[in-house]
Amino acid sequence: MPKTVGIGIQDFRKVIERDCFYIDKTLFLKEWWDSQDDVTLITRPRRFGKTLTVSMTEQFFSVRYKDSGWMFEQLAIWKEEKYRRLQGTYPVVTLSFARVKGSTFSLVREKICQILTDVYQRHTFLLDGDLLTDAEKAYFRLVTDKMEDAVAEIACNRLSEYLARYYGKKVILLLDEYDTPMQEAYVNGYWKEMAEFIQSMFTAAFKDNPYLERALLTGITRISKESVFSDLNHIKVITTTSKKYQTAFGFTEQEVFDALEAYGLADKKQEVKQWYDGFQFGDCASIYNPWSVINYLDEREFDDYWVNTSSNKLVEQLIGKSGADVKRIMEHLLNGESFQTKIDENIVYSDLSTDESAVFSLLLASGYLKVRDCFINSRAEKEYVLALTNREVTCMFRRMVRSWFAVCSSNYNDFIKALLAGDLEAMNAYINRVALATFSTFDTGRKPSQDAEPERFYHGFFLGLSVELSDRYTITSNRESGFGRYDVMFEPTDSFGNGIVIEFKVHAPSKEKSMEDTVSAALLQIIEKKYALKLEAKGIPKGRIRIYGFAFRGKEVKIGGGWLADFEGGI
């Protein structure tokens, strides 16, 4: 009989005590220790077993668990005699920033200080006797959630010294989800203060610390070219492209298929692969999302379990406020296509609002994109071919796009109906309500919303149409047809549907007296450049092709158009 599937258990001891479903990853301990790296940072997407691995590492090495070797007796690491002797022999300090979230720097700083305080409280035995001097005991008592920066920044360093003195052995430091406060800082606008605070703490803990035996940090991203790691030039960074520890996080295909057979679900292998496969770590090209697989084993229903565990706030902000190019790429991705780009695994947060490749680097590191191919271009630069990871991630992005229009869902749906029916009066009424309600969603923040580029709005708006009408139309943008590139084309999926071509134009007062003139210019461009030729080549006659011109002036939108056949005599 298969073991009980425990959901959300991140304490290694609980997993073993309760005899829950567990795929043995204990050989990570050997690989990590044998590496001899002083400080290791491992980046993996969220819910990929980082916290459970940190818990396992603590409970294997920590003196607090010196009598708990039984937890490992049935696992692969216990076959290694050398490591049986290492179990429970080191002082270990473990911290987690997983819940360090907040809208202000002061709030997040206080949470970090509380974590440090809690760690100190677990070691109050150090205050007994004469191990510490009076001055050291006084410092120990200064560590509170209201402590000064100077106290907080050296807290890990000082505790390492005290523990090394007490046990006669250097300390192992473990920090889980180190980058959570940094992501919060970027999203909420206090990056500089947080980066300075974290840098001082990390330098004292991981570099200027003679009492450190080893350190292990985990996170989603590698933050680089920022102040956070500017002094830590000795850190060994393991990203998703590194070969080290490539099977230690996530489940391999063989592990998943073995589990499905054990739970009587062998006939679901291919569906599970479509939903939850697609991650690649190092040379291992078929890694499955462990959180989703475990939930599927428990529920026996396919769902987007992984993407429902987080608000995806940073991802939504970056894509929503990005320019037209990023939104066009999202269109291709949602249509099951791939795209080619350069990737820098060192996430530069200050570049996220201006550098398209930085956005996709973050999406790749976070697990939302997968690598289909990699090659060296003519300039000797590495380029990647990327696609959405799997069906689960695709569902998440579709839901995200729909959320952009949630504030005006009724008007948005009515606009779609009017668009398909050719009701220009209703289209104009609804589109302006939609634009008024959602324009700021696509504003970069560098300008007031009324001056934001309309292009950001209409490409976000178009993405929404792509999501809502994907079952009835193949919707594409910025593709070649006739003598140029159209803005948007709706190609019906059935042989009796109507085709649609849309051209967007920003009102130019120097060229057009009115918005109506701008609409006419857009329609004329569709006709003169023969954008509808692609639809006609598919057998759709001009009498079944609607053409629309969208004119933009700030938040104001004007739409005109009709059947292509009716414009044969001119605009």
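Which residue in strand 9 does F251 stand opposite?

Analyst: This is a predicted model, in which local features need pLDDT of at least 70, side-chain atom pairs count only at pLDDT 80 or more, and totals for chains, interfaces and linings use all residues. Residues are numbered from 1 along each chain as its sequence is written, and side-chain values use heavy atoms, with hydrogens and water left out.

F251 stands opposite Y288 in strand 9. Helices (H or I, at least four residues) and strands (E, at least two) are DSSP runs, numbered from the N terminus. Strand 7 and strand 9 (residues 284-288) run antiparallel and are joined by two bridges; strands count as paired if DSSP finds at least two bridges between them.

The sheet is open, with three strands in the order 7-9-8 and antiparallel pairing. Strand 7 (251-252) and strand 8 (279-281) each have a single partner strand and stand at the edges, so one side of each has no neighbour in the sheet.

Helix 12 (residues 269-276) lies across strand 8 and strand 9, and runs at about 100 degrees to strand 9. Such angles run from 0 to 180 degrees between N-to-C directions, with axes as lines fitted to C-alpha atoms, for helices over the stretch in contact (heavy atoms within 4.5 Å).

Elsewhere, H459 is found in helix 20 (residues 454-468). H459 counts as buried because its relative accessibility is 1%, where buried means under 20% relative accessible area, exposed over 50% and partly exposed in between (1.4 Å probe, protein chains only). Leaving aside neighbours within four places in sequence, H459 is in contact with A324, K327 and R328.
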